[in-house]
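Hi,

Here is the structure for you to look over. My notes follow below it.

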Amino acid sequence: MGNTVSAAESVASEIIKSRVEENKPRNHQHLVDNSRTGAPPPECPMHQKLAPPQPAKAECPIKHENSDINPYNMMPPANQNPAPDQPFPLPTTRQVSSIPKVTEDGKEAFWVYPSQQMFWNAMLRKGWRWKNEDIQPKDMDDIIRIHNANNEQAWKEVLKWEALHAQECGHPKLKSFGGKATDYSPRARFRSLLGYELPFDRHDWIIDRCGKDVRYVIDYYDGGIVDNDYKFALLDVRPAMDSFDNVWDRMRVAYMRWKYEFQEKMSGTKEESN
């Protein structure tokens with residue numbers, strides 16, 4: 001959700017770069033990060049092939065400065081038409097996410113991801129030009145899979161936080177979202193002062209906790225090589241510090257993490273002494 005294009009350009013660049021490496025002579029070794037077992041970032045809800053039973057459809061977010069954009073997903077009307085000079089046809093099929101959507105009539109609905117054609121058109125609107133890249137149909141398929149996987153993972157991370165309020169609300173939903181790629185969060189800026197890289201994208205998601213709006217901040221960091229589950233980014237998902245409840249949740253989780261790590265350390269020390 002959010003600014004789909006900024007993430008798309010980053011992912012496309014990585015995919016194209018990897019294809020260039022594949023075409024090099026075999027005496028050039030390819031670096032592989034075997035330590036990656038998961039991943040984390042970019043734009044609308046994300047993951048594997050999920051198909052909830054005939055949900056009502058909604059658009060997937062792309063931020064645009066346009067008078068007719070949808071305020072809930074920052075996306076203009078869906079454009080499934082091939083772009084001028086497009087080098088190859090692209091599928092217009094769309095995948096239903098696992099992320100429940102708030103509806104006015106209260107009926108069950110899920111957010112729907114953009115098609116490859118919609119994604120292509122969105123990238124063009126943001127200034128990307130395919131003629132500058134050696135992009136292939138398979139690249140667009142990979143990009144859309146990465147986009148969807150990232151959003152699915154972000155939703156799973158949100159649900160971990162929402163589990164703290166399971167008694168209050170057992171069925172949170174995603175109400176709206178938007179991209180803030182260049183508006184770095186205070187946490188990201190502080191980390192950069194310590195020498196860490198800045199995220200390549202940021203989204204703010206508004207969660208409907210059974211009638212209560214809760215804002216989440218999601219920073220997307222470059223995770224390196226895309227894994228077999230099409231996970232590319234490392235996600236830093238947490239409630240925004242704009243309410244007492246959110247601050248309290250973050251304090252509770254910080255304490256639980258410290259307590260768990262302390263117990264693990266003490267347990268390891270006892271085993272060594274024995």
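Two strands count as paired when DSSP finds at least two bridges between them. Tyr-216 stands opposite Pro-239 of β6. Strand β6 spans residues 233–239 and is mostly covered. Six of its seven residues are buried. Please keep in mind that this is a predicted model.

Next, the disulfide. Cys-169 and Cys-210 form the bond, with an S to S distance of 2.0 Å. The torsion about that S-S bond is about 75°, so the disulfide is right-handed. Cys-169 sits in the loop between α3 (137–162) and β3 (173–179). Cys-210 sits in the loop between β4 (201–209) and β5. The pair therefore ties together parts that are 41 residues apart in sequence. Cys-169 has 3% relative accessibility, so this cysteine counts as buried.

Last, Gln-116. This residue lies in helix α2 (residues 116–125). Is Gln-116 buried or exposed? The cut-off for buried is under 20% relative accessible area. Gln-116 has 10% relative accessibility, so the residue counts as buried. What does Gln-116 touch, leaving out residues up to four places away in sequence? The contacts are Leu-90, Pro-91, Pro-137, Met-140, Asp-141 and Ile-144. With Asp-141 there is also a polar contact between the side chains, at 3.4 Å.

Best wishes

Definitions and conventions: Residues numbered from 1 in each chain as written. Predicted model: local features only at pLDDT ≥ 70, side-chain atom pairs only at ≥ 80, totals over all residues. Heavy atoms only, no water. Buried < 20%, exposed > 50% of the residue type's maximum accessible area, 1.4 Å probe, protein only. Helix = DSSP H or I, 4+ residues; strand = E, 2+ residues; numbered from the N terminus. Polar contact = N/O pair within 3.5 Å; in protein donor to acceptor, adjacent residues only side chain to side chain. Contact = heavy atoms within 4.5 Å. Disulfide = S-S within 2.5 Å.
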